[in-house]
Amino acid sequence: ISTYSGTASAGLDFIQTTLPLVFNNTVTQLPISVTIKDDGVFKYTDVYFGASLTLQSAGGFEQLISLNPRQTNVTIKANHVLVIGFDPVVYSGNGGSVAITVKVLQGSLAVPVSIRVFTQDGTAIFGSDYVATSQSVVFDSSSTNCIVTIQLVNKLVSGASKMFSVGLSVETPEAKGRVTLSPSVANVTVQGLVNDSVIADPLFTVPLNVHSTLFQELSLCYEIHGTAGRYYNLVSDSCTSVNAHYQYASPNHVSVNIIDAITVRAVDRAGQCVDIEVNVDCGVSVGGSRVQIYSLNEVYIRTYGNLSVRISVPNCNHQQLVMWILCQVRPIEDPNTTEIFNAKMQKFVVTRGLSLGENSHGIIAQFWGAEVSVTKYTGSYSVQPYTDSAYYVLTMQNGGVSKSVLSSVYRFTWERLGGSCLYAGDGEGGWMVGGDLSNDLIDGQEKDYIVSSAFGTDFKYSRFTQSCTDRTH
C-alpha cells in the first residue's frame, strides 16, 4: 500500500507512507496508520489524499488475486476554528469620525476571508447623525487587523446622545458556516454637543506650546468673557492691534454675547497707520472706504464673499501676520431659556506670524507666548467629566505670571480641527484652581483688555508702541 497526494500535499498535509501488507489464512485484515500533519491554520475547504494497492506476490497464484477497490481517498477536514470580531465593542464621538477595529481574535488563515462591515440605525439615524457604511474587509495570513472609519455628523447644538450599531457578516461563500463572528456587533454613541454657549461668550482656539508627554498636539478652546457694547483687545504688538466688538446676539437674548466686528490697526512698510474694519457680514472698510481687495505697502486684504476675510499685515519681526475672520450664522442656545436660535457672529483665527512672549499680548495673544504644562488631575470634583473626556491641570506661564486651570480635555476643538483640546473659560469648560477665581486669563481680568474705541490701542497690557501717521483716503 502506498499513499499519494490529492488536494492534500504529501509532506505538508500528511506523511507519505508505503508499507508491505501480508495476508494469510489467519490474517485477513490489517490496520494502516498514516500521520496527518496539523498546520494550525484555517482553511474553508476539506482536502484529501489517496492510497493505492499493488500486488507484489501470491505464491504463484497471482492471476487468481483481484484488488478491488484498488484505490481509496482519505479526507482531511478543515476543522480549525477562526473567530473574527470587534475589539473594542464600544465607541463614541461628536463630529469627525470613529475608527472601528475588526480583527482575527482566534486562529490563523491559509486562505483569504472577506467580511462585510455595515452600520445599522438605532436612536442615531444615518444622514443626520452619521454616514452609513457598508464595506468589505479582507483578512489573510498577513492582514489580521482592519480599521473601518465611519464619519459622524457635526452637531452644532446641544442635545441628547444617540447610538447606532455596526455589524459583521461573512462574504466568502466557502467560509460561510465555518467562520465564527464574535463579538459581531459594536455600538457607537454620537455624543450630544457640549454646550458652547453656557454664558454664550465668544470662543477661540489657540495652539499650545505644551511640555507634556500626554499629548502630541493640543489646543486651548477658550471662552472669553465680556460685556456687550465694548471693544476688547485680542492681539497687540508694537506694530499691530486687533480689537473685537462684543454685542448681544439679539434684543431678545441679552445674556448671549457674540462678536459683530473685528478692527485692525496696522503699521504698513511706509510707516502709515492702516485702519481695517470687518463687519459681521464680512464687509471690509479701510480708512472708512469699502474694499474687496487691498494691496499696498505689504498690507493685503481679500474678501471671499460674505463668508471670510484674509488679512495680512507686517509684524514687528519683518514677517507677515496672517489673520482670518470668519462670518457665520450659528445656532446658539440661550442659557436662561434653553431656546435655540440662529445668530450672525465672527470667528477670529491667526494662522501665522504672531509674535511670542513679551513681544505680544491681548486676550488671545497671551496664550501664544505662554509656556504650558499639563498634568492629569487626580483630585475630587463636583462635576463629572463628559464621556470621552477627563480633567487635567493646565498651568500657563507668560512673562513671569503663572496660573492654573482645571480643564476637561476632548478629542476635538470647537472648529473640529485636529488634535485634542482643553476646554477652559467657564464652568462647562474649566475653572481656576488657584489665583483670582473670578477670571481665567493669565494676566489680569477681562476688564483690563477693554479699549476706548474701535481702533484704540490703550489698555493695561498694550504692546502697540510704534508711532504712525494717519493715511488720508
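**A colleague's note on the fold**

1. Let's start with Cys282, which sits in the loop between strand S19 (272-279) and strand S20. Strands here are DSSP runs (E, at least two residues) and helices are DSSP runs too (H or I, at least four residues), with numbering from the N terminus. Cys282 has a positive phi, about 65°, even though it is not a glycine. For background, most residues other than glycine have a negative phi, and most peptide bonds are trans.

2. Before going further, some ground rules. This is a predicted model, in which local features need pLDDT of at least 70, side-chain atom pairs count only at pLDDT 80 or more, and totals for chains, interfaces and linings use all residues. Residues are numbered from 1 along each chain as its sequence is written, and side-chain values use heavy atoms, leaving out hydrogens and water.

3. How confident is the predictor? pLDDT is its confidence in each residue, from 0 to 100. The protein chain averages 81, and 79% of the residues score at least 70. Among the elements, strand S20 (residues 284-286) has the highest mean pLDDT, 97, while strand S31 (residues 430-432) has the lowest, 43.

4. Two stretches call for a careful eye. Over residues 193-200 pLDDT stays under 50, and the model has 36 contacts beyond four places in sequence for them; a contact means heavy atoms within 4.5 Å. Residues 426-438 also stay under 50, with 37 such contacts beyond four places in sequence.

5. Now the sheet that opens the chain's numbering of strands. S1, S2 and S3 form an open sheet in the order S1-S2-S3, with antiparallel pairing (two strands pair if DSSP finds at least two bridges between them). S1 and S3 are the edges, each with a single partner strand, so one side of each has no neighbour in the sheet. Neighbouring strands are turned by 30° against each other on average, direction ignored. (Axes are lines fitted to C-alpha atoms, for helices over the stretch in contact, and angles run from 0 to 180 degrees between N-to-C directions.) S1 and S2 are joined by four bridges, and Ser5 stands opposite Phe49 in S2.

6. A pocket is found on a 1 Å grid over the protein atoms alone, as an open set of points where a 1.4 Å probe fits, with protein on both sides within 12 Å along at least five of seven lines; lining residues have an atom within 4 Å of a point. The lining has 28 residues, with Ile1, Leu21, Phe23, Leu53 and Thr54 nearest the centre. Strands S1 (2-5), S2 (47-52) and S3 (71-76) are the elements that give two or more residues to it.

7. Another open sheet has four strands in the order S9-S6-S4-S11, with mixed pairing. Its edge strands are S9 (145-151) and S11 (179-181), each pairing on one side only. Strand S6 (residues 97-106) and S9 pair antiparallel over seven bridges, and Ile100 has Val148 in S9 as its bridge partner.

8. Six bridges join S7 to the antiparallel strand S8 (residues 134-139), where Val137 stands opposite Ile115. S7 also pairs antiparallel with strand S10 (residues 162-170) over six bridges; there, Phe118 has Gly167 as its bridge partner.

9. Last, two cis peptide bonds. One joins Asp87 and Pro88, with omega about 5°, and Pro88 is in the loop between strand S4 (82-86) and strand S5 (90-93). Another joins Ser182 and Pro183, with omega about -5°; Pro183 lies in the loop between S11 and strand S12 (185-190).

Key. pLDDT = per-residue confidence, 0-100.
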